[in-house]
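Biologist: Could you take me through the reading of helix packing and chain contact, giving the general idea and then the case at hand?

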Amino acid sequence: MMTDKKPILRVTNITKSFGDITILKSVSIELAKGDIKILIGPSGGGKSTLLQCINCLVLPDSGEIELDNKRIHFTRKQDIYRLRQQVGMIFQDFNLFDHLTALDNITVALRKVKKMSKKEAEKRARLELKQVGLDDKEDLYPAQLSGGQKQRVAIARALAMDPKILLLDEPTSALDPTLIGEVISVIKELAIKGMTMIMATHQISLIHNLADEILFMEDGRIVEQGPPGALLAAGNTSKSQGFCDLLDKLSEVEE
Amino acid sequence: MQNALSVVFDSLPYLLQGSFLTAGIVVFAMFLGLFIGIFMSVGLVYGNRYIRYILTVYVWIFRGVPVVVLLFLFYFGLFAFLGLNFSAFATVSIVLGMTTGAYQANIFKGAILSLPQGQFKAASALGMSDIQAIKSVVLPQMLRLSIPAWSNEYSIILKDSALAFVIGAPEIMARTQFVASRTYQHLSLYITAGIIYFLLTWAGVIGLRKLEQYVRIPGYSQHGNQ
């Protein structure tokens, strides 16, 4: 369904080891504009490392990353900085800058990286805070925000950089069940606006509603991939189906 | 007794003049140490193996050699050897600055390591260079965390500055000794000197505590995170 579009990101045969342990074994992904791919699978399967390899927070040992048909050279700092400016990242534990207000968390990179003036940066930051429903919280520090609010600030911070792609590493896993909803609705809004995303999540509603494609990762490999309609069809014996059944049961227990 | 009080009273302006020199030494040394400490701590945490090795050697030298030895070594030895004509005041300031720099480097290193790692990652993910991330994210938080240990370092340097008298810098201790040797009022004069040192320490520590409160990040408790 999406195969006729040209990919904006092409990750080919990425491999990564830490010491003797191989975390990623020749993983490849292609992403076209507007695609939403969701990574699922047991923890330790390599989802987080894969996401961090895609924006070179962790440098791959081998393999290739191409953004807009331009290859990223892992040894060139300038290549890596350029890649990261176009690939935003949302972390499980938010990673807001503790010493800065919600507003300044967003303006700091706009000013340092995009060289915007203070005024321009603040204008943009206020716009992004409004998008995530936090325009009245701009003067609060991270320690004064709830988990859900922190994650929304983190999303606003990433979006202010105008990324072409957003990587989300279990964006709701560190949240109280009562706060998950507000973050999910922000992510769903992004999907509606056509944001290109790769997301690791175990949030069943995100998997069902947003995924164009599910990638099931296990032992450093993508062992299954396909649209949710096919993988999660009733009676299917795929690993993804089994895994999501398990997640379903767990979420029923929670409720 | 009458005599002791009048000697103290008469010599007080002379002794207090010395406290300006003492204050000058301490301020210069603390800021030199701050400068050295910041660069060294960044090198100790983020530098490669060779940088870390060189910096560690520096720390061990200034940790392991007594300040008096360093003062003589620099004043009569090193500076003379290099043909530099530094005053006693400059020498004391430099030696104490380099010494506290080694200690401050370790204070700052500990503070950097205690920061949550994820924030550096987040800064990198936004496209900041390592230097930008260190300047905008790591240093502002590391310096806040370091203020209590820094005020400790201040009181140590203030007291060590009394050693300046051995190379003849006319600070509080040197002046006190000078007056005491002429008037024989050792007890009252050294008590006076002690009180001056105590007041300088107290004022500095209170000032730094005020600074700590002033730059405190709202929402955080005063002692440690979360």
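Predicted model: local features only at pLDDT ≥ 70, side-chain atom pairs only at ≥ 80, totals over all residues.

Modeller: Residues are numbered from 1 along each chain as its sequence is written, and chains are lettered from A and ligands numbered from 1 in the order in which they are written.

Biologist: What pLDDT does chain B average, and where does pLDDT stay under 50 in chain B?

Modeller: pLDDT is the predictor's confidence in each residue, from 0 to 100. Chain B averages 91, with 96% of the residues scoring at least 70. Over residues 222–226 of chain B the pLDDT stays under 50, and for that stretch the model has 2 contacts beyond four places in sequence, a contact being two residues whose C-beta atoms, placed from the backbone, lie within 7 Å. For the complex, the predictor gives an ipTM of 0.89 and a pTM of 0.87.

Biologist: At what angle do the axes of helix H3 and helix H4 of chain A cross?

Modeller: Helices are DSSP runs (H or I, at least four residues) numbered from the N terminus, and axes are lines fitted to C-alpha atoms over the stretch in contact, with angles from 0 to 180 degrees between N-to-C directions. The axes of H3 (residues 102–112) and H4 (residues 118–131) of chain A cross at roughly 130° and come within 9 Å. That makes H3(A) oblique to H4(A), since angles under 35 degrees count as roughly parallel, over 145 as roughly antiparallel, 65 to 115 as roughly perpendicular and the rest as oblique. Residues making this contact include Leu103(A) and Leu110(A) of H3(A), and Ala121(A) and Leu129(A) of H4(A).

Biologist: Which residues of H3(A) meet H5(A), and at what angle do the two helices pack?

Modeller: H3(A) packs with helix H5 (residues 147–159) of chain A at about 25°, their axes 9 Å apart, and the two are therefore roughly parallel to each other. Ala102(A), Asn105(A) and Ile106(A) of H3(A) meet Val153(A), Ala156(A) and Arg157(A) of H5(A).

Biologist: How many residues does the contact take from chain B and from chain A?

Modeller: The contact takes 20 residues from chain B and 20 residues from chain A. On the side of chain B that touches chain A, helix H5 (118–125) and helix H6 (130–160) of chain B each supply at least two residues.
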